[in-house]
Amino acid sequence: MSDIPKLSGALPLDLHNFRPCDVPSLVEEFVWTCTQEKRIFGEIIHGKGRGSMRTLVHSSLSGNPAVASFQLGSSTNQENWGMTTFQIQAIIKD
């Protein structure tokens, strides 16, 4: 796992050069980074292909308590089925 680069929430996470077995930890790290950088949304590019990477991304996002929702495509192009956009849970502080 030491060969996985540090991620920035500022850019979309592009999974084209990663192995499927790395996807869950990459998505988890990316979501965590987005929350640390106080981002509201994040984008993950998984490609169109056969859908296996998309399925892994959606599975990882659905199991992450920091993720409020996710959708296929982006806010500006919901027909882009090669990427997924997610929203971070609002953190309410008393």
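Q: What makes a group of residues here the largest nonpolar core, and which residues have the most contacts inside it?
A: In this predicted model, the largest nonpolar core has 15 residues. Those with the most contacts inside it are Leu15, Val27, Val31, Ile44, Val57, Leu61 and Phe86. To count as a core, the residues must be buried and joined through side-chain atoms within 4.5 Å.

Q: Which elements give two or more residues to this core?
A: They are helix 1 (23–36), helix 2 (52–62) and strand 4 (83–88). Helix 1 provides the largest share, six residues.

Q: What is isoleucine 44 in contact with, leaving aside its neighbours within four places in sequence?
A: Isoleucine 44 is in contact with Leu13, Leu15, Val27, Phe30, Val57, Leu61, Gly82, Met83, Thr84 and Phe86. Contact here means heavy atoms within 4.5 Å.

Q: How many aromatic pairs does the structure hold?
A: It holds one.

Q: Why is the pair of phenylalanine 30 and phenylalanine 86 called edge-to-face?
A: Start with the distance. The ring centres are 5.9 Å apart, and the limit for a pair is 6.5 Å. Now take the angle. The planes stand at 80 degrees, and over 60 counts as edge-to-face. So the pair is edge-to-face.

Q: What makes this a link between distant parts of the chain?
A: Phenylalanine 30 sits in helix 1 and phenylalanine 86 in strand 4. They are 56 residues apart.

Q: Are phenylalanine 30 and phenylalanine 86 buried or exposed?
A: Both are buried.

Q: How do you know that the buried residues of helix 2 line one face?
A: First, name them: Met53, Val57, His58, Ser60 and Leu61. Seen down the helix axis, they fall within an arc of 160 degrees, so they line one face of helix 2. On the other side, Thr55 and Ser62 are exposed.

Q: What covers the buried residues of helix 2?
A: The cover includes helix 1, strand 2 (41–45), strand 3 (67–72) and strand 4.

Q: Why is isoleucine 88 called buried?
A: Its relative accessible area is 9%. Buried means under 20%. So isoleucine 88, at 9%, is buried. Its place is in strand 4.

Q: Which residues does isoleucine 88 touch, not counting residues up to four places away in sequence?
A: Isoleucine 88 touches Val31, Cys34, Thr35, Arg39, Ile40, Ala66 and Ala68. As for phenylalanine 41, it is 47 residues from isoleucine 88 in sequence and 6.0 Å from it in space, C-alpha to C-alpha.

Q: Why does alanine 66 count as partly exposed?
A: Alanine 66 has 22% relative accessibility.

Q: How many residues apart along the chain are alanine 66 and isoleucine 88, and what separates their C-alpha atoms?
A: They are 22 residues apart along the chain, and 5.7 Å separates the C-alpha atoms. Alanine 66 touches Val31, Thr35, Gln87, Ile88 and Gln89, not counting residues up to four places away in sequence.

Q: What pattern does the protein follow along the sequence?
A: The pattern is β-α-β-α-β-β. The protein has two helices and four strands. Buried residues make up 36% of its 94 residues.

Definitions and conventions:
Residues are numbered from 1 along each chain as its sequence is written. This is a predicted model: local features need pLDDT of at least 70, side-chain atom pairs count only at pLDDT 80 or more; totals for chains, interfaces and linings use all residues. Side-chain values use heavy atoms; hydrogens and water are left out. Buried means under 20% relative accessible area, exposed over 50%, partly exposed in between (1.4 Å probe, protein chains only). Rings of Phe, Tyr and Trp (its six-membered ring) pair if their centres lie within 6.5 Å; planes under 30 degrees apart count as stacked, over 60 as edge-to-face and the rest as tilted. The arc is that of the directions from the helix axis to the C-beta atoms.
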